Amino acid sequence: MMSCLEAHKPSLCHSEPLTTEKVRAKLTVLKGVLTSCYGPFGRLKQLHNGMGGSVCTTSQSTVLLRNLSVTHPILKILTTAVQNHVSCFSDCGLFTAILCCNLIENVQKTELTAATTIKLNKHLLNFCISYLRSEICGCRIPVDFTSTQILLCLVRSILTSKPACMLTRKEVDHISALILRAFLHTIPENTGEPIILGKCIIVPLKGQRVTDSTVLPGVLIEMSVQLMRMLPARKSSALKVALFATSLSGDFSDPGEGSVVVSYGVSLENAVLDQLINIGRQLVSDRVDLVLCQKVIHPSLKQFLSNHHILAIDRVGVTLMEPLSKVTGAQPIGSLGPVSPSSYGNAKNWCSAKFGCKHFFHLIPNEATVCSLLLCNRNDTAWDELKLTCQTALHVLQLTIKDPWVLLGGGCTETHLAAYIRHMTHKEPGSILQDDGCTQAELQLIAEAFCSALESLAGSLEHDGGEILTDMKHGHFWSVQAGPPSAVNWPDLLSRCGCGVYSSQEELTWSFLRSTHHPFVPHTRLPQEALEITQQSAHSLTVDCLTAKLSGLKVAVETANLILDLAYVIEDKN
Amino acid sequence: MKSPRDPGKLLGFRPGADPGELPFLSSWVPGLSNPTREVQGQAFPPSEFVKSSGFSNREAAPVRLPVHSLLPVSSPPFPLPVAPAALGQCRCSDGCQVEAVSPPSSMAVAVSVKTALQVAEVLEAIVSRCVGPEGRQVLCTKPTGEVLLSRDGGRLLQALHLDHPIARIIVACVSSHLKKTGDGAKTFIIFLCHLLRGLHTITEKEKDSLISENIQTFERRWKNCCQWKFISQALLTFQTQILDGIMDQYLSRHFLSVFSSSTKERTLCRSSLVLLLEAYFCGRVGRNNHKFISQLMCDYFFKCMTSENGMEVLELVDDCFVELNVSVIGLPVSDSKIIDGLVLHRDFSVYCPADGDIRVAVVREIIQPVFSTSRSEFVLNSEAQFQTSQIWIMERTKSIMKYLLSQNVKLLLSTVKQPDLVIYYARLSGISVVDCLSSEEVSLIQRIISLSPFVLPQASLQCEISDTALVKFCKPLILRSKRYAHLGLISTCTFVPHCISLCGPVQGLVEQHENALHGAFKMLRQLFKDFDLNYVKKANDQNDALRPCIYKNNRKSNQVPKIGNHSIHRSYQDTGIKNSDKLEKTQYLKAHSNLVVSDVELETYIPCLTLKMMPPDRVQTDEIWRCLPPENKRITDDYELLIESNSTRNSLTENPGIEISYENFQVTNIAGKGSMLPVKYKSLDTCISQSFCSSSIPAGCVLPVGGTFEILLHYYLLSYAERCQQLEEIVVSKLIASALLGIPKILYKPKKGSHSFPQIYLRALHTLQTSQPMISCQAGLESVTGKYHVLTSVLQCLTKILTIDLIMNIKRQPLKNCDQDSEDELQH
């Protein structure tokens, strides 16, 4: 109640927040930080907290935005929008953030009213989405699930775009193969409707070589060496498993709201222990081979079980309960009463395994959709980055199953889209303008701002001072090293476009991306031959997840519109 | 007011009262001369205010609000003759120290129209940029670091944390208004500001003319106070006695309805609901989303509704809105959708897939028995006893579950957390469990399926479940990696359970949409109710406007249904028009013969109602006209009698005409977009008959958006003022009439050419004068009652401000109950 008695401080009210120099400067700084991280050649950021904690090196938007303390409300809106997008789709965080910044910056230069820009931005967005979803789209590839080619490209593109994982080319190949394998493990064999995907548990193993990483079916439980030695001999036949969710430590839970009076000489511990031993007896008579307990098992019960050659593992933890239940088919037991026979599950076998300096108990399932990805990397921060990347890749693969398309990566989708929008605004402005009271001139202005936002987003993939070109046939992205001689034979200097679909030997003409050029008709409909050639060749494509990118595009434009629409910011200073 | 684009000037209409026009003003109130203004002018240096008016000047520099320095808290230059009285009052209430006792450093602030105007102008500057379809968003931060997007006037005022006393009065009035209606905060502020501005100009002009008067300062102040008191009284009388009458008599003929009332049952017309909602969301959510959100809401409403009358559904949705919507953050707004069934904001503790006959039971206590309940002791005498009691607990839990299963209960909903043992046995029995439900959720479920929770018996193992209900399905629902329990309840009331999942990139935006949706349901709930006008008919007041007399006449004829045409005519002659003679009688007959000619002519008669606009003879016919229809409508049985009466020919000829006008459902074409508005154009007859039954605004009354209400009321107030002879009433109605235009002025500000405000205004006046039906240039509708409430609330607020003469700063912690009240008001 004290707070009520304190006088409220009046709020601070800014009008037209975007027009102030301070806000613009802040936006520019944020944009600079994010742009420099973008892409496979992005610069790494080292985040260290002056108050302590570990130092982390990253180039991912998730980590970066989580750790940056943003104070201005407008920036806060932007960063939370990006973070929320990433938490839904895992991928395309930087894409969203940079595009949003670019849009705000470019649109402000046009000096049109907020109402018009917002309306037109929305039209352009709808236009982009319907193009990217349409049959004629020239930057979309269907995913062929009969071969792993495209999926592998997708995973590899994600891995290479995170330079802070510190992977060599060989390691990227290894890890991407592992991720794909782990993902395939989680797909159930008998595909009923709906498909329920299994789970891939990432097990940390730091300080090892990346190439030591591996995928194992089933669940790995870490154990101490002593415990390992105590394990009984392996059985060849199938195992019967009991899974306890309740504590087997003999504690007396929940006496109720009133009081419990215990007479002198009555030992509750003994009483509970009797119960525990009773359970043990039942487990023995039911011929259970393995007892797993989420919480603690009383040492006496443990001793009793090991005397009867039953393997008992406790303190499994709540996170492993669901996978264990899935792997074994056992139901977590929640009472100390007689165990119903239907609660038991089974497993194929178990083995002990040693990876690096860690010992693991490996439960091998008969047939299950749970696997463990043992992930190694040299140090903590690189491992953290790699783990995040693996999670992203797994999530993106899931999204791709739902919507089996990928977009061309490496900046090609952006430049192609920009070229297409430019072309359409000149040729058929009516298809974008939906009689909304906006003039064609306004559309031209905003479309230019929108396209240059997309192009400068693609341009931020280049960090080493190189030049960015676009070809006048497909509208793809080409980058060339810094300082090209004035008169050059472009086909010799360039090799492949950003996504890797086209090579420079295909009689193309180029122009600088940043220079003004006449709108041209980019070829829609990706030619089938182009794809087949590249798929056979050793060269891999760079592709992005369609679902994540589309949503990123939507969120970026929606957020930019939101910010452009602000008339006031009222800051509560309490 | 003085901008070159001021439409008032262009039109030759002067906003506010002109002293030239009102020479009586000085005689009206003795102390109207306003010398204290000078003193206050010194006390409140205008330079301070200029800073804050940076809002309207598009200054980017931050402005601190409230402008506390704007209004000096110290030393009003008068010796405070009022202080003792006020002091006495304060002492009575709580015996606190009042700062005003120590004269020179007094903390009391004199309240004047000028200060109130300054405060209101600052608020208006903020609010006016968020109003209407062109309005923009405001970003509010909370001390916790959250950000909220809003265009909601109430929320903005709350976020500003105003501490100027007058601002607080205004905010309190706005929030009490919002509590009642949930809409119109921005309109409130704009209207209030224009009223204050109007008052200010009146007094300023008076001051100029009477500047030479030489009275002592405090006397002036006294007189000044008296003047304000008079004005406020006049406002109050106006609001209670005149406004309702004008609403009922003049405005009501322009009302449209969202119900297509071809039959006796009111059926909600979908397309007009769409228009209504679109207009509502236009002013409430971001520019890009209003269409989508209004479509979503419309779909939702029609999906939830079974019967034609949605009132019950509206009440339920309004009451349980929080439970009926799920916010999903991180997805684009366009991913929002309507989900069939009820989504509980909880995951299953146990989920066992089940099909077929699924029954649900609700429990409010822990199923597992415990050793001892509160205030009891459980004595353990032996280990065996402990073990048996534990086994008993297990057995009992198990048997309850078995019993539930035998009753086909496959789903257990619980308000409390059920212990692991219960969860375990539920899983074994194949019963899904959702626990930790909020009591609101459970009461919503109870409301939908009328199911009461079952009670566990204390002693016996056999428990009786009084109530279970059938559900269509129960399954987990995953929205953006968060899991919810999704139930297909079979409703026993008119509400068909559906939920809305609202998506948005940031929490603040989703919250805005939630609030807007909730507000829309509130608005509809208000709209679907009849609203009674408390207007007192001044029956015998000959000086008053003519209209009430005629109504009285009509009423008479109504009460005596058997009277023939002649008798109506006679009674009409008696009271209504003074100079009625034989000539007029022939006129009257002519009018009747006219009726037979064509219904086209008839239609032209209908809207033609303004007294002054018509030559006297046409007034007569018009009035007779209106005498007849109600009778005809209500007494269809007595129709035979009428025929039998002398004037057989007349009534016969008259009848078909009436019939046509009665069934005169026009389809008004609104806006150039060609959207057809299938609302019934209320013909005169029905309006009048309703005003006879009870003077009320019937449920579902709407007007086109874009200031139609304001312009209409403006017009009728002005014409009322011309007829009126009482000075206060003239002043007040002119004042209100000009202030009403403030809202359409702001709405049409960004428009140019033929859509600019002066053009619109001129056109509207022209159509009214020539008695054509009003055509709005904007598609969209708004509730009449909502507008009416804003108007009355503002007038009440203004009277409140005007009646206060002094604000005293009390340096003392507020009393507990007072504190809660104010807190409550702020949180609305």
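The structure is a predicted model, in which local features need pLDDT of at least 70 and side-chain atom pairs count only at pLDDT 80 or more, whereas totals for chains, interfaces and linings use all residues. Residues are numbered from 1 along each chain as its sequence is written, and chains are lettered from A and ligands numbered from 1 in the order in which they are written.

**Where the chains meet**

- On the side of chain B, 69 residues are in contact with 70 residues of chain A, contact being counted when C-beta atoms, placed from the backbone, lie within 7 Å.
- The largest share of this side of chain B, 6 residues, comes from helix 16 of chain B; helices (H or I, at least four residues) and strands (E, at least two) are DSSP runs, numbered from the N terminus.
- By class, this side of chain B holds 38 nonpolar, 14 polar and 17 charged residues, where Ala, Val, Leu, Ile, Met, Phe, Trp, Tyr, Cys and Pro count as nonpolar, Asp, Glu, Lys and Arg as charged, and the others, Gly among them, as polar.
- Strand 9 (residues 259–262) of chain A runs parallel to strand 12 of chain B and is joined to it by 4 bridges, with V261(A) standing opposite V379(B); two strands pair if DSSP finds at least two bridges between them.

**A sheet in chain A**

- An open sheet of 3 strands in chain A has the order 4-16-20, with antiparallel pairing.
- Strand 4 (140–142) and strand 20 (543–545) of chain A stand at the edges, and because each has a single partner strand, one side of each is left without a neighbour in the sheet.
- Strand 4 of chain A is joined to strand 16 (residues 405–408) of chain A by 3 bridges, and R140(A) stands opposite L407(A).

**Two packed helices in chain B**

- Helix 13 (residues 311–319) and helix 18 (residues 507–527) of chain B pack at an angle of about 145°, with their axes 9 Å apart; axes are lines fitted to C-alpha atoms, for helices over the stretch in contact, and angles run from 0 to 180 degrees between N-to-C directions.
- The contact is made by L314(B), E315(B), V317(B) and D318(B) of helix 13 and by F521(B), K522(B), L524(B) and R525(B) of helix 18 of chain B, giving 4 nonpolar, no polar and 4 charged residues.

**A residue to look at**

- Leaving aside its neighbours within four places in sequence, L192(B) is in contact with A120(B), I170(B), V794(B), C797(B) and L798(B).

Technical notes:
Contact = placed C-beta atoms within 7 Å.
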